Structure formats: structure tokens, C-alpha cells
Amino acid sequence: MLLKTAVCEFGMPAPEFTLMTPDGTAYSRDDLMGKNGLLLAFICNHCPYVIDMMPRLVGDMIALRAAGIGIACIMSNDYDDYPADSPERMVEFAQVYGLTAPYLVDEDQSVAKAYGAVCTPDFFGYHPENGLQYRGRLDNVPMRGDAKGRVPELVTGMTQIAETGFGPEKQTPSMGCSIKWS
């Protein structure tokens, strides 16, 4: 089912969490926070919207890290019902796309629920002091669309957060496959 994200609730604090990668490395929200912010990307392995945008997201992560933004990807789908999203397949997915950010398993889906994530991809951009400042899409490229003339909305928004502490007032919701709840 195709869903769109909610409007950004500016200033909402990032809920605390500790999640693990498939290999058992634990990361907390505070571990991941960069000096200028934090981007959490709720993604999964099987969603065609995620698959389509992964090369662009991985490329954008380079600019975000350079701006002092910490990054993590979180997989919250019920992988018992959707085995393509299993932790083992997460490792393969990360290797295929060259994902360098931690790819974390939200096994009980509590983190997705705490954040209010609804779809994959679903982006949450935080400033260390000013809370949630971005809840938009990656860019203006439609699924399977031509990236010529691409507007990198996530990078622009997160760079603004890093520089000013505040995100853009106007944001276009992300859209994608619904999170597969257990």
C-alpha cells in the first residue's frame, strides 16, 4: 500500500533507542547524533520505492556526513512475514548498494512506532538542540524517473539544519510502501 508521511512536527525531540545491526553491533540515538544533526531513514530491502532511490541516498549521505550529520537506516518491517527484509538479507542489501551508515534492525517495531514512521522510505531529520526539523522526501525524482534536473531536497534541508539549526518550512512528504506491522 502506498502511503505518504505526515507533516513535520517541528521541535519534537528524537525518542531514545538502542538498536543493533544484523551482526550485533549496538547503536543508540546519542551514539548516532552528529555535531550538527541526525538523519534516521526508515527503509527496507524489498520496497520498490527504496530500491529505486538507494543509489541517490547513498550518494547523498556523503554530503550529509561532511555537514556533520550522523546517519542511520532502520528496518522495522515484520521480516517473519516478509523474509526479504530479514537481517541476513539486510547485510546483502547494504553490500549491494554500498550503504556505509549503520543499518539497524527494529525487531519489535517499537522505534518505528515511537517515531511515527509509516512508510519506507520515511526520513526524520533532527538538530541536536531544536529537535525534529525535517520530515520530507529524498528528492523530486519519481520512482523509475530520470534524475536529470534532480532537486536533492533531503540534502538541502539537512544542510540548512546543520547551518542554521532549523529546517525548511515547506517540505514535500515522502511516499513509499507501508511499514509491514506484525
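Buried here means under 20% relative accessible area, exposed means over 50%, and partly exposed is whatever falls in between (1.4 Å probe, protein chains only). The model is predicted, so local features need pLDDT of at least 70 and side-chain atom pairs count only at pLDDT 80 or more, while totals for chains, interfaces and linings use all residues. Numbering runs from 1 along each chain as its sequence is written, and side-chain values use heavy atoms, with hydrogens and water left out.

Asp81 comes out as exposed because its relative accessibility is 54%. Asp81 sits in the loop between strand E5 (69-75) and helix H3 (87-97), with helices (H or I, at least four residues) and strands (E, at least two) taken as DSSP runs numbered from the N terminus.

On to the salt bridges, each a side-chain nitrogen of Lys or Arg within 4 Å of a carboxyl oxygen of Asp or Glu. The structure has nine of them. One pairs Arg56 with Asp139 at 2.6 Å, N to O. That pair links distant parts of the chain, 83 residues apart: Arg56 is in helix H2 (residues 48-66), and Asp139 is in the loop between strand E9 (131-134) and helix H5 (153-164). Both ends are tucked away, Arg56 being buried at 15% and Asp139 buried at 5%.

Asp60 and Arg150 also meet in a salt bridge, at 2.4 Å, N to O. Asp60 lies in helix H2 and Arg150 in the loop between E9 and H5, so this pair ties together parts 90 residues apart in sequence. Asp60 is buried at 8%, whereas Arg150 is partly exposed at 24%.
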